[in-house]
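Here is a short walk through the aromatic rings of one structure. Please look at the model first, then read on.

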Amino acid sequence: MNDFFRKRLARHQKKMLKYMRYVFNDHFVLVCLFLVGGIGFYYSSWLKSLAPSFEFGGLIVSVFWLLSLAVGKIATFAEAADIVFLLPQEKEMRVYLSKAFRYSCLFPFLVLFLASGFAMPLVVVSTGQPFSMYLIYLILLVCLKMGHLQVKRAELFRFSNQALRWFKSGWYVSAFVILLLTFYVSIWLGLVAALVQAGIYYWYLWRKNEVQIDWEKMIQVEENRLHQIYQFINLFTDVPEISAKVKRRRYLDPLLNKIKRNQSQTYLYLYTRRFVRGSDFSGLYLRLLLIGCLLIIGVTDLTFSLIIGSLFLYLIGFQLLPLYSQFRYMVLVQLYPIKETQKKTAIQQLLLGILGLAALIFGVIAAFVLSGVERWIPILVYLVFVFLFVKMYVPTRLKKLSD
């Protein structure tokens, strides 16, 4: 079973490495640098404005760490055929799942490492403790996460739904209480409680577990986990393992009817219809729009607001550029007596309208958040940015896509 797990892990990692070179491209890295720098600057300024022994700091950090603890699932790499071919090896599957459990700890522990480091300045301001206590907090979070992963692993077995709900709700309640004890009573008490919680969940959910594996559920859980990963990768490149869903969306027909049904508007109609009725591009647009709005709402600095708004407009536009190649391999479209230049004109018109709407939404939100004359600056900057992006950057990018 050890060799079997290693083979599946190697195959999975090979596939992920193939996609990661598309995810971590120059644009994504640049955006991450801007976001990290902006958030760090805003976070530092906020910490300087806090009074010593900030009482609500412990509550804020507890909620943030509880959300961070919820990140991460059990990666079993189970496949549909396993329910037939691995069923006779069910007793040996405990060794396989132990390997899967240890591998599944890597990503959550990395998240906790970053989350605890990010929150430590607020912890220092709130409690007055030195940064050297970082390791103690990290060990505490790791213990709590071990209990959470035990619950996730227990979901792969034939426990009753009521028992699983009790274990899951019990973990969330006890983890939050332990975090509050850590900040408002004693960090050492919180550490001991976290160790006890991890031991209890390990003993009752794995050590004493004689329940059979729920093969169908294990396969479904793994398919859902991979689907979420592929959804994220699909933001950067096409993924064969995931297919876009087409929805009727009758309420948007008036928008399509405004496009004239003549030869000069063929590709504009096709691109608009593809964007409106396809769940991939429209869903991506709405998600980025929502995240951008939430970030702009929390920013009261003009410069930072301009950077965030422009950054998300660029992200939206860049991620929608693959619309240009959507009908490249359709035979009927290739038979149309239409010049190739119409495609570029159509995608620019669509992007100008979509990004213009996003710029107006960002600008209106920024106008409510900011004060004085500067409240009207973002909407002007956003619109100018959209115009320059569509007229200058898009043609260059489309030329590369056509090559």
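**Aromatic rings and their neighbours**

Arg94 has its charged end over the ring of Trp206, 4.0 Å from the ring centre. A charge sits over a ring if NZ of Lys or CZ of Arg is within 6 Å of the ring centre and within 35 degrees of the ring normal. The charged end of Arg153 also sits over the ring of Trp206, at 3.7 Å from its centre.

This is a predicted model, in which local features need pLDDT of at least 70 and side-chain atom pairs count only at pLDDT 80 or more, while totals for chains, interfaces and linings use all residues. Residues are numbered from 1 along each chain as its sequence is written, and side-chain values use heavy atoms, with hydrogens and water left out.

The structure holds 25 aromatic pairs. Rings of Phe, Tyr and Trp (its six-membered ring) pair if their centres lie within 6.5 Å; planes under 30 degrees apart count as stacked, over 60 as edge-to-face and the rest as tilted. Tyr267 and Tyr271 make a tilted pair, 5.7 Å centre to centre with 35 degrees between the planes. Both belong to helix α12 (residues 266-277), where they are 4 residues apart, about one turn of the helix. Helices are DSSP runs (H or I, at least four residues), numbered from the N terminus. Tyr267 counts as buried because its relative accessible area is 7%, and Tyr271 is buried at 0%. Buried means under 20% relative accessible area (1.4 Å probe, protein chains only).

Tyr314 and Phe389 pair edge-to-face, 5.9 Å centre to centre and with 90 degrees between the planes. This pair links distant parts of the chain, 75 residues apart: Tyr314 is in helix α14 (residues 302-320) and Phe389 in helix α17 (residues 377-402). Both Tyr314 and Phe389 are buried.

Elsewhere, ring pairs join Tyr43, Trp46, Phe54, Phe56, Phe64 and Phe118 into a cluster.

Conventions. Helices (H or I, at least four residues) and strands (E, at least two) are DSSP runs, numbered from the N terminus. Buried means under 20% relative accessible area, exposed over 50%, partly exposed in between (1.4 Å probe, protein chains only).
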